[in-house]
There are 2 protein chains.
Amino acid sequence: MPNKSDDPALFRLFNEIGIISQLATTMFERVMPHDLTLAQFSVLNHLSKRDDQQAPAKMANAFQVSKGTMTSTLGKLEAKGFVVITPNPKDGRGKFVGITATGLAARSEAVAALGPDLAWLSDKTVSHDVSGLTQQLATIRELLDARRDG
Amino acid sequence: MPNKSDDPALFRLFNEIGIISQLATTMFERVMPHDLTLAQFSVLNHLSKRDDQQAPAKMANAFQVSKGTMTSTLGKLEAKGFVVITPNPKDGRGKFVGITATGLAARSEAVAALGPDLAWLSDKTVSHDVSGLTQQLATIRELLDARRDG
DNA sequence: CTATATTAGTTTGATATAGAACAAAAAGGA
DNA sequence: TCCTTTTTGTTCTATATCAAACTAATATAG
């Protein structure tokens, strides 16, 4: 006899989130140019929105991946010529990552390639409050993030 | 000059979903007994809620993983004695997966182990409409699922 | 100042997963 | 009936990721 604590609503929430994450990754990577993975595209997209260069550690934290994973992702992007990695002159440990013109172009191509999927989704979710949904999820993400650190 | 299609709200939505998926998986697996992965627990949890036995292909579809992945996950659970896999007598291709008493117990242990994390989250998200949120996500998941097949 | 602790990034080893190729069985059409 | 297509499950290969060990540089405490 399942009681109230069995299979709580939060299970279902995380289950949906996991499945959507999987489906979205597959959908995105299917159309990505330059063999970009979602992780690589996310980094490019992130960099394209900022003027200042970013430290790898900061980005690893922003995307919630390990430092090793970020090293790997940045290495792939550097090999493709989409980012440039330079030492931090003020801190011998640190580095800075900057996006190149080629990287910006690749990011634009990727956004264009995603266009049809996003347009389709946008059409289907027109009745949804996507911003509100995102905001709620962001709050939950911050909670999980804080608990992980604490 | 970013236009309307640049960095749409849907990017941010999927970004949040991906990060939460990652954080939740880590949080869950940190406390899981019997070295259960989230995938393994999800399968156990799924089976614990049904009386009828499930076909691997059906479960792969339900969880949106490849058939190969489901073969692997079920193999791990079978090795731990948490499920039993039998041939489908009516269809030489098919199999059936059933949960064992040990599997049910392990699933209960896992739920108990998740208790503190879930209680904490439940407390923090009391102001959120978790069911509503889940429902919205389920709708989006169904859309993605349908597009993938179609 | 010196010793210890923390932080940034890399490397290594393990693993979960996808995707494709495969074999076996069933279904469907002629 | 026979041939083609579809479905089920497994195997194999590649890869993205994590966790932990490691190095180097910086910060902090005494």
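Analyst: Happy to. In this predicted model, 48 residues of chain B are in contact with 48 residues of chain A. On the chain B side, the elements that give two or more residues are α1 (9–31), α2 (38–48), α5 (101–124) and α6 (130–149). Of these, α1(B) gives the most, with 17 residues. Sorted by class, the side of chain B that touches chain A holds 24 nonpolar, 14 polar and ten charged residues.

How does the other side of the contact compare? Of the interface residues of chain B, 98% are also interface residues in chain A, so the copies meet through the same surface.

Leaving aside residues up to four places away in sequence, Ile17(B) touches Ile17(A), Ile20(A), Ser21(A), Ala24(A) and Leu137(A). Ile17(B) also belongs to the largest nonpolar core, which has 56 residues. The residues with the most contacts inside that core come from both chains: Ile17(A), Ile20(A) and Leu44(A), along with Ile17(B), Ile20(B) and Leu44(B).

Now step back to a whole chain. Chain A has six helices and two strands, and along the sequence they follow the pattern α-α-α-α-β-β-α-α. Its C-alpha trace spans about 60 × 40 × 25 Å along the principal axes. Of the 150 residues in chain A, 27% are buried. Among contacts in chain A with a separation of 6 or more, 51% are between residues 24 or more positions apart.

Next, the DNA. DNA strand C is surrounded by 22 residues, and the closest are Ala57(A), Gly68(A), Thr71(A), Gly68(B) and Gly92(B). At least two residues of this surface come from each of α1 (9–31), α3 (56–63) and α4 (67–79) of chain A and from α4 (67–79) of chain B. The element that gives the most is α4(B), with four residues. By class, the surface near DNA strand C has five nonpolar, twelve polar and five charged residues.

DNA strand D also has 22 residues around it, the closest being Thr69(A), Gly92(A), Ala57(B), Gly68(B) and Thr71(B). Here α4 of chain A and α1, α3 (56–63) and α4 of chain B each supply at least two residues. The largest share, four residues, comes from α4(A). This surface near DNA strand D divides into five nonpolar, twelve polar and five charged residues.

Finally, a word on confidence. The mean pLDDT of chain A is 87, and 91% of its residues reach 70 or more. Residues 1–5 of chain A are a stretch to treat with care: the pLDDT there is below 50, and beyond near neighbours in sequence the stretch has one contact in the model. Where pLDDT is low, the predicted coordinates should not be read in detail.

Technical notes
Residues numbered from 1 in each chain as written. Chains lettered and ligands numbered in written order. Predicted model: local features only at pLDDT ≥ 70, side-chain atom pairs only at ≥ 80, totals over all residues. Contact = placed C-beta atoms within 7 Å. Nonpolar A, V, L, I, M, F, W, Y, C, P; charged D, E, K, R; others polar. Buried ≥ 20, exposed ≤ 12 C-beta atoms within 10 Å, placed from the backbone. Near = placed C-beta within 6 Å. pLDDT = per-residue confidence, 0-100. Core = buried A, V, L, I, M, F, W, Y, C linked by C-beta atoms within 7 Å.
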